[in-house]
Each structure stands twice: as structure tokens, then as C-alpha cells.
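Colleague: Before I look at the fold itself, could you show me how to read burial and ring contacts?

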Amino acid sequence: MRRQPRQWIITALRSALALFLYNLVAPYLSVYILGLGASATQLGAVSGVGMAVAGLAAPFIGWVIDRRGVRRLYLTGIGLLAVSYLMYGIAGNWAIAMLAMIAYWIGKGLSGQSCSTICANSIRSEDRAKAMSVCETLAAGILGMLAPLFAAALVIHFGGTTVAGIRPLFFVAFVGTLGTLLFVYLSLPNCHWPSDLAVARGLLGDLRAVLRGGRKLGRWLVIDAIGFLPAGMVIPFAQPFAHEVKGASELVLGMMITAFALTPLVLGIPIGHIADRIGRKRVLYVTIPLTWLSSVVLIFARNSAMLVISGALLGFFTISAVTAGAMAYELVPKSHMGRWLGIASLFRMLLAAAAAAVAGVVWDHLGPAYVFAIVIGLELVVRMPLLISMPETLHLGTHQEA
């Protein structure tokens, strides 16, 4: 931690607080939208539209970051997150919730790409996976574990797992997000890394230059996009599945998210240290299948304990995402980072958006369990073989920094 620059520490703290606030509402978000009158198909559409809009904006966001720096876009993104939580809180129907989700995903894209660019360009390759794991341990671990317990107490206090009982959580998240906006505004300078954009190629020309400047980047876009599918197909539907199919109470739903946070809390930093020593790919070969096991346990769960175990195993999604993120950062030079993250986000979000829409249809017409089985199949048949064909980036990242 003493070796890391100030701008990374600021963004790590802000990310931790942001995830704490999101985890207040995460156990109940899908249940809330369904309670506002949406079907599972419409829930998929709500998630899909938000992610699609954010994905389409991502390359432009990355282009601006490389040209102008991160501060202004970072603040704008945090502001949109605050607006999103407020809209959720005042929503009277699922259509307003769709608008709130669009605002959320755009805000997450703006703030997330800014944060990721700072993280990618501020940390040395030999520290990267461990430093990112420290960030995730604080965010997804300590604070992420406390948030669902606090949320469950509030929901129970305000009437249980109903629209009225869940609604106050969004107002708490709104006020907290305004606090993080003020923190970043007062603490973070503009961060900008010298770029090779002196020749005005325009947006499309600059994006093409990025893809020509790295190794097997097209292949990584497929790996990364499929790896993000749980965000559109597993995470939004795991809580409704546990609640509606398995009969989980609001307390069990909160415990599942707490277990989800406990895994990176306990294992995130040690696994990050291992990834910085033996390589990214070897760690992914272990953590990705453990994420699949989460869905298997959820599908066949016969009691609350199995549901909580499923949540704990899903925490390996966070660990594998951190490791894959370290790998992605090491594929391109620093001056390309904003645009590269934007291109990756475009592919990731568009596939996740389509998958979320398909998941809702599958849920309504084939059965809820098929939603989770499809993700496992795609990862097993497509993602893992492509990952095997990628070069190890642990030492490649050192050359990119030179």
C-alpha cells in the first residue's frame, strides 16, 4: 500500500464505498422491480437496455479519457449513480425503474472506466493483481459483507420483502453516493497519461489504432465478454431464483450476498499474490470453474445452507474478474488504456445486454434453471479454450510499461 500512488488509493476507497452502497440494494433489486409489476422477461429487458446503452457509450468514454483525463468523467459518472438511486426510490412502476437502470449503467460505465484507467496505469505489473485484490477485499469483502446485513435489518424494519420495505434502501444509497461525489471532487486531481493522439485520426481511427497495437486483442474481447455474462444472466436472477423457486426469506437473501462478499475477503489477497507470482492464467483455470459450481449448487439447493454456499462460491466470480482485469490491463500500452477499456466494455456490455434479455425469456418459457446452465455451457465451450490460447501477461505487462 505504501508503494501505491495517491490517486489509486482515492479511487480504491471510493470504489469500496460505492460497492457498499450497491450491496445495500443488490439483494432486493430484482425482487423490487418484479414487485413494481415487471415480468421476468421485462426484468431481462430492463437490465439489457441499461447495459446496451452503457456499452455503446463506452468507446467514446475511453476516447475522451485518453485525450482529456479522467476527473470530469469520473465525477459525472458518480453523479449519474446518485440520480439512478433516487429514481429507483421514487419509481411507481417498472418503466421508471428501467430509466433508473439506464442511468445506473451509464454512471457505472463512466465511473468504472475512469477508476479502471487509474488502476491500470498507476500500479506496477508485479503489484497489480495483489493491489486490485486489496481494493476488492475492502469493497466486496469487508464493506460488501456488512452492507447486506444492514440492508436486511432495514427491510425487516420497514415491512419485509415488499416494494414499501425495499424502497428506503435506495434513498440511503442516494445520500451515500452524494458523499462519495464530494469526496472525489475534493481529493482527486485530474489524471492524464501522455498519448500518441497528436495526429488527429478521429474516434474510429483511434479505436482501430488500439486494436492494431496489442497481441490477440480480438480474441481477448470474446474471452472478456463471455466472462462478464454472469453480470447479466446469473447475478440479476440468482436472488429471484432463491426467493421464488427455493423460498428464501429476506434474511437468507442477505446472507447469500454476505457469503458472496466473504469469499474475496478471505481469499482475494492471497489469490492475488499467487497470480502475481505464478501468472494470471493458472489462477483463472481454478477460479472460473468454482464460479460454475455456484450455479450448480443453487439449482439443486434443498435448504438455506446450500443457498448460502452458492453465494459463497459465486464470490469466485469477483476473484476471477480481478485476475482477468489484471490480464486485460497488461495487453496494451498506458496511452491506449482508456480506449482499450472502452472497446472491451462495448463488447462486454452488448453481449451481457443481449444475454439479460434472453435470460428473461428463458426464465418465463423454458424454466429458471436453464438461465444458469446456458452461462456454464458458453464458458466451458468457448471461453476456456480461447483463454488457453492467450499468452501469459504477467511479464508482458512489464514490457508494456517500459
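Colleague: Which residues of α9 are buried?

Modeller: This is a predicted model, and a residue is called buried in it when its relative accessible area is under 20%. In α9 that applies to L217, W220, L221, I223, D224, A225, I226 and G227. Eight of the eleven residues in this helix, which spans residues 217–227, are therefore buried, and the rest of the structure largely encloses it.

Colleague: How many aromatic pairs does the structure hold, and how is the pair of F237 and W363 arranged?

Modeller: Planes under 30 degrees apart count as stacked and those over 60 as edge-to-face, with the rest tilted. There are eight aromatic pairs in the structure. In the pair formed by F237 and W363, the ring centres are 5.5 Å apart and the planes meet at 35°, so this pair is tilted. It links distant parts of the chain, since F237 belongs to helix α11 and W363 to helix α15, 126 residues apart. F237 is buried, with a relative accessible area of 1%, and W363 is buried too, at 10%.

Colleague: Which residues do ring pairs link into a cluster?

Modeller: Y22, Y85, Y104 and W105 are joined in this way. A ring can also have a charged side chain over its face, and here R348 lies over that of F228, at 5.6 Å from the ring centre.

Colleague: Is R14 buried or exposed?

Modeller: R14, found in helix α1 (residues 6–25), is buried, with a relative accessible area of 5%. Leaving aside residues up to four places away in sequence, R14 touches Y74, I78, L81, S111, T180, F183 and V184.

Terms used
Residues numbered from 1 in each chain as written. Predicted model: local features only at pLDDT ≥ 70, side-chain atom pairs only at ≥ 80, totals over all residues. Heavy atoms only, no water. Buried < 20%, exposed > 50% of the residue type's maximum accessible area, 1.4 Å probe, protein only. Helix = DSSP H or I, 4+ residues; strand = E, 2+ residues; numbered from the N terminus. Phe/Tyr/Trp six-rings, centres within 6.5 Å; stacked < 30°, edge-to-face > 60°. Lys NZ or Arg CZ within 6 Å of the ring centre and 35° of its normal. Contact = heavy atoms within 4.5 Å.
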